[in-house]
Amino acid sequence: MVPGFTYVRAKSVADGVRQLAAPGAKLHAGGTDLLGCLRDGVFKADRLISVSGLKELRGIAPVPAGGLRIGALTTHAQVVADKTINERYRALAQASAAVASPQLRNQGTIGGNLCQRPRCWYFRGDFHCLRKGGDHCYAEGGENQYHAVFGGHKCYIVHPSDTAPALIALGARVRIAGPGASRVVPLASFFVGPAKMITKETILEKREILTEILLPAAEPDLRSSYRKVRARGSFDFALAGIALALLIKDGKVARARVVFSGVAPVPWRSEPVEQAITGKALTPDVVAAAAEAGVKGAEPLEKNGYKVPLLEGIITESLLALA
Amino acid sequence: MPDDRYYVTDVPPETPEPADQPAPWTTTTVVGKRLPRVDGYERVSGAAVYTADVVLPDMLYAAVLRCPHAHAMVRKIDTSKAEKMPGVAAILTDKSPGADVPWFNARTGPLSRLFDPHCRYEGEEVAGVAAETPYQAWDAVRAIAVEYEVLPFVADAEDALKPGAVAIHQGGNRSGDVTRYARGDVDAGFAAADVVVEQIYSTACEIHAPTETHASVARWDGNRLVVWDSTQGVYPIQSGLVQLLKLPSSSVRVIGHYMGGGFGSKLSVSKHTVIAALLAKMTARPVKLHLTREESFLAVGNRPPDTMTLKAGVKKDGTLTALQMTVLGTGGAYPGGGVGSVDWVVRDLYTCPNVKTELTDVFINAGQARAFRAPGHPQGAWALEQMMDQLAERIGMDPVEFRLKNVPMVSQATSGTPPYSSTGLKACLEEGAKRFGWSEARKRARTEGPIRRGVGVAAGLWRGGGGGPPATIIVKLFADGSANLNMGASDLGTGTKTVMAMVVSEELGVPLEKIQIEWADTATTQYATASGGSKTVPTESPAARAAALDVKQQLLTMAAAQLKVTPEELVLKNGEIVSTADSSKKVAIAGVNALRGRGLIVGVGYRGPNPEGKVICPFGAHFAEVEVNTRTGEVKVTRFLAAQDSGRAMNELTYENQTQGGITMGLGLALTEGRILDRSQTGKMVNRNWHDYKIPTAMDVPVEQIVIPIDLHDYQANSTAAKGLGEPATVPAAPAVANAIYNACGVRTPDTPVNPLRLMGLLAASKKRG
Ligand SMILES: Cc1cc2nc3c(=O)[nH]c(=O)nc-3n(C[C@H](O)[C@H](O)[C@H](O)COP(=O)(O)OP(=O)(O)OC[C@H]3O[C@@H](n4cnc5c(N)ncnc54)[C@H](O)[C@@H]3O)c2cc1C
Ligand code: SF4
């Protein structure tokens, strides 16, 4: 049972920012992640400040200078149905379609997806672990089959979002409103790993609201994709995933952005794979070398060693599919 | 043993003699048709009232405080803060008057009590609260301060037997004696074999996870207790409460009505029901207690995990020479049938003269197992049916042909090796293979490239499924030709009500929409055993038929007097009673004066005895086609076919539903499900929610799921010729998938679930080996 809380609707983004100053206040968008956290006692909230009524935060529209603006409250279902996104930013369409289940895609928002809390079952269960302010990580020596093989540091969560790696590969930036002027940051630097900070996953401060996602204009030669492997066909997070955004010119990769999901505490940009393919045609040999490079340095825990060959497998499959 | 509930051996007195059994139907007009549920509208529209929907005037809501540790001793409970919270009406603890209820019986007596301070699993009950709203009840639960002494725990069957393992009960960690079975001489059998294979298999613990979690509402009318319960059997709940609360049976009424699934987890009385009853007594108000999903993962049953070592010998010509199985399993912290019936398929599915089994059941600090859809059988089949595949490959024989060669006509494991009343195993394999296109599909297997394709077969049986007495059903025919069917059995959502109404309709010609059904209420319906063991249709439908025939007999006698003919020459057809000698002599049901005068006819039907010296057993064979992505370990089941012999198919649609449910559950066992305990640190269950405990979704089952009823009418079994279906329909599903995976990628998968986590590891290892 969810413990009691007060629920208020923000009248505007500025009002939301103001209201978030109240002690124990949390922002509410679609609520699909937030209410689960409250029910499971992951954290407490005395007051939910809901922005779900703010129309200005919903919708997908072209930006005059080129590119696309996606309001933070846009649902996954809306993203999946958008023609431009399907045509120009396929990785995002595929990632949003791979999120959760139809009901959750109708209710959950893309902004909430970027701000959702991790799915480590100790974190979600009644274990007072490091990320919740406790004194140790249960996953490190416990049931770590779903945990990180890259970037772990005292805490081994994997970042749960499917849309984040796709957006990062596509070069997205996000706008953040707060008490002062709003700021725009590359999505890649929105996330922080445990080496920097263990109790939070993003740079967001208490009184900040993510208001929009900005995608750069899609070059005509851009090919992008998102591929996710999960333990069940729907209603499940990534065991490992890969977002690709490749600029292919004259049969060769002119620019590559490769981001993994499901294997690290933040969406994991793989420069080794990018380097292995940039300037080259995606021949089977090049792809094999890239796959090998992609898993180099992986540090599996006791029970997640399978993620290494799995990642190698999807790097191979996804690159060959875009060749 | 939970299985005991499934088998009734002593025939009760009201059972009629075999000679009184009605003759079999030759043709049917309603039975066997593809008809939707009689209560489909209610269930889909939300009009059906489930226990969770029951709201009574003045009702309180209860919540349970459960031990958060795998093993702990409650040292102190402080309820003072909770008592003062708004809306709190009562708090029940071990110290409360009347709470000293013994629980968890073993041969030696009760092992525990309602709120035993010695908590042996995470989720064991510590206290109960009743409050004005569910939220207030939960707030109060959170406000109770408990001092626990956390104890070392055991979270694994193997660990439980290690020297120095913490003893969960005074007598140690063995749950009952080792079960042994032997026939013939296995050593001689292995010596005579051309090929001997040995392999260790294991199945993970599964949670029942019915859509409706366990729920009870309790109300006292003076000294009489009325309980609404989401249960598979109102009479077992009644007798449980009578025993635990020391009340006369007449003072306990249990109402079942609509319920949303059980799979074996709702066969007997649970602690939450007693807690609701005691809180209702304390407060003199009705109390509802509806378990949360998390609680249902921890405390109301599971399919026990089993590790099975199987050794098998075969001759080149496909003759099985010996089967030897050892099993280690655990039913949790209390006797839960951790190994019950796991070896039954090994003993009985195939002809084999030499069989030896040994089963060890141990305690661990986890929730107690309960009967789960064909207890033991899916586990045993997981081992045996993969082994059959391994043997077939070694002797170079087609797996279907190999199985066909070993189809038994007698139950070898039953004393006196009696014949089966009917066995469709051969037909299931042959017809299934034909309809699946087995031979062609095997030729189509793709063993090159990243995506491999393969097919697999597996067979199974269910040792229950014959049903038997007792069962009493009453049918009332009203003067306007409508009827009332009164039965004590529960309908778990399987279609029991629909099938029984069809039987009545068949005999009386009353259309289904004119049959009103009263069911599952100890005060107003007749005695019935729990709906479990796939025995509800073979148990209840002959009684329904007998009741309808009793009505018909009386009706024809009345009509004969009115028409001045003999009852023997009359038939009931389309709502009219007609003379076969002179078709002008007829009268509509509504025109029968004696019936009008009396108001209604009451017919009573009893379930007759099962045939002497016969074993009634349903069989099945499943065929799966899969694609394996060798780069990722993903398995996609692309096609599935199930051929089932469950005697007469009473309703093709519910038959298909049951079988597809069985297939889906089998796919869950094979591919996605498994309880995960934090084995090395806390012993707590880490995946106790819908997301982490992975029930298959619509995306995990094939679009093409074909169900073939092998419609063998088993008139030796009973007067409707049906055998059970619900459980046999899940037994072979998982190993059929495992065999298909092997056929596709050459990797044997001895442990469930075969998800990408596991299969990727196996594929990587096999690649390394070359
Ligand atoms: C069962 C289940 C399965 C799922 N499976 C997947 C999956 O496979 N892949 C995947 O990517 N995701 C998955 N999700 C996550 C799902 O995508 C998110 O729950 C959803 O997108 C969150 O959106 P929301 O609007 O409901 O967020 P909310 O629940 O309202 O908020 C989530 C969190 O983000 C904060 N927040 C929300 N919006 C903003 C904002 N604009 N600015 C600042 N903070 C904000 C909230 O305070 C809260 O802490 C799953 C969720 C569930 C419950
Ligand atoms: S991985 Fe992180 S979230 Fe999970 S138990 Fe360890 S510290 Fe907590």
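**A colleague's note on the loops, sheet, domains and cores**

1. Pro753(B) sits in the loop between helix H18 (733-745) and helix H19 (756-769) of chain B. Helices (H or I, at least four residues) and strands (E, at least two) are DSSP runs, numbered from the N terminus. The peptide bond that leads from Thr752(B) into Pro753(B) is cis, with omega near -10 degrees.

2. A word on the model before going on. This is a predicted model, in which local features need pLDDT of at least 70, side-chain atom pairs count only at pLDDT 80 or more, and totals for chains, interfaces and linings use all residues; side-chain values use heavy atoms, with hydrogens and water left out. Residues are numbered from 1 along each chain as its sequence is written, while chains are lettered from A and ligands numbered from 1 in the order in which they are written.

3. Another cis bond deserves a look: Pro469(B) and Pro470(B) are joined by a cis peptide bond with omega of about 5 degrees. Pro470(B) belongs to the loop between strand S18 (451-461) and strand S19 (472-478) of chain B. Most peptide bonds are trans, and most residues other than glycine have a negative phi.

4. Now for positive phi values. Asp250(A), which is not glycine, has a positive phi near 50 degrees, and it is found in the loop between strand S10 (240-249) and strand S11 (252-261) of chain A. Is Asp250(A) buried or exposed? Asp250(A) counts as exposed because its relative accessibility is 81% (buried means under 20% relative accessible area, exposed over 50%, partly exposed in between; 1.4 Å probe, protein chains only).

5. Lys246(B) also has a positive phi, near 55 degrees. Look for Lys246(B) in the loop between helix H6 (234-245) and strand S13 (252-255) of chain B. With 68% relative accessibility, Lys246(B) therefore counts as exposed.

6. Chain A holds an open sheet of five strands, in the order S4-S5-S8-S6-S7, with antiparallel pairing (two strands pair if DSSP finds at least two bridges between them). Its edge strands, S4 (60-62) and S7 (183-186) of chain A, each pair on one side only. Strand S6 (residues 173-177) of chain A runs antiparallel to S7(A), and four bridges join them. Across this pair, Arg175(A) stands opposite Val184(A) in S7(A).

7. Chain B is assigned domain 1 (51-151 + 217-289), domain 2 (306-465 + 613-765) and domain 3 (467-606); such bounds come from an automatic or database domain assignment. How far apart do the C-alpha centres of domain 1 of chain B and domain 2 of chain B lie? The distance between these centres is 37 Å. Domain 1 of chain B brings 18 residues to the contact and domain 2 of chain B brings 19 residues (contact means heavy atoms within 4.5 Å).

8. Finally, the nonpolar cores (sets of buried Ala, Val, Leu, Ile, Met, Phe, Trp, Tyr and Cys residues joined through side-chain atoms within 4.5 Å). The largest has 110 residues, of which Leu241(B), Val274(B) and Ile577(B) touch the most other members. Helix H15 (residues 536-563) of chain B gives the most to this core, with 11 residues. Leaving aside neighbours within four places in sequence, Val274(B) has contacts including Val101(B), Trp103(B), Leu114(B) and Leu241(B). Another core, of 83 residues, lies apart from the largest one and has Phe402(B) and Cys617(B) among its members.
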